[in-house]
Amino acid sequence: MIKHWELMDQYNKQGERFRELRERYVQKEREAKEHVQNLKAQYEACIHKELREGKDCTTEKDKLRKQIADAEKAAELAEQERVQAFKYIDEDAAQADRITVAHLAEDYLQNHLPAIRAEEVDPIVERLKAARAEYFNCILDLFEVKDRYQQFVSQFADMVNRYYYSGNHGARPYIPHVFEAHMVPFINDHELNAVMNYRQLPPDVKRVTTEKQ
């Protein structure tokens, strides 16, 4: 779950209020114009009926003409109201207390981002720094063990070599050092790339999560 951002909530509430206003007046205009088209379709149908059946539809046509005229006035009024509503929204959006994207950007940089980093990023970075220090110290410890045993292993290996040199005692055994570099679980570029780009851990590493995660 991401950190709650109060100013973004306020911004979204503002936007929702303006969206509702726009939708309300757009819908009202749309319905008014659709009503005009429906009445005109009825008027056309009435004319076709006269032509087809020879029936006099004067009364019905007069009624529809009046309804069309009234509907056209209502549609024109609805359009004017929609224009006024949009103008009000634009003017209200320009008010000093209106939260804009610029306000969000400023608050993000000055407040929200530092808070997220302080609460969630910095502690992990500190853990990583400690792990990095421990990692390099462990490697150094291993090589110090190697250095401490270097003379002993070399001398012992020479002793073994001399003993088996003649070949009379069978195959000479390999004398490994107490520590060899292949024993170190070095972190390679492939593993780092897999973690950073694909969120994949090495097969021998188990995912450990914190409570916040």
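**Close-ups of a predicted model**

View 1. Ile187 sits in the loop between helix H3 (101-164) and helix H4 (189-198). Helices here are DSSP runs (H or I, at least four residues), numbered from the N terminus. A quick note on the model: it's predicted, so local features need pLDDT of at least 70 and side-chain atom pairs need pLDDT 80 or more, while totals for chains, interfaces and linings use all residues. Residues are numbered from 1 along each chain, and side-chain values use heavy atoms, leaving out hydrogens and water.

**View 2. The largest pocket.** This pocket has a volume of about 1,400 Å³, which is the space filled by probe spheres set on the grid points. (A pocket is an open set of points on a 1 Å grid where a 1.4 Å probe fits, with protein on both sides within 12 Å along at least five of seven lines; lining residues have an atom within 4 Å of a point.) Of its 28 lining residues, Leu128, Ile187, Val195, Leu201 and Val205 lie nearest the centre. H3 gives the most to the lining, 10 residues. Sorted by type, the lining has 17 nonpolar, three polar and eight charged residues.

View 3. The model has six aromatic pairs, meaning rings of Phe, Tyr or Trp (its six-membered ring) with centres within 6.5 Å. Trp5 and Tyr108 are 5.8 Å apart, centre to centre, with 45 degrees between the planes, so they count as tilted (under 30 degrees is stacked, over 60 edge-to-face). Trp5 lies in the segment before helix H1 (6-53) and Tyr108 in helix H3, so the pair ties together parts 103 residues apart in sequence.

View 4. Glu79 pairs up with Lys33, their closest N and O atoms 3.9 Å apart. (The rule: a side-chain nitrogen of Lys or Arg within 4 Å of a carboxyl oxygen of Asp or Glu.)

Note on methods. Helix = DSSP H or I, 4+ residues; strand = E, 2+ residues; numbered from the N terminus. Nonpolar A, V, L, I, M, F, W, Y, C, P; charged D, E, K, R; others polar.
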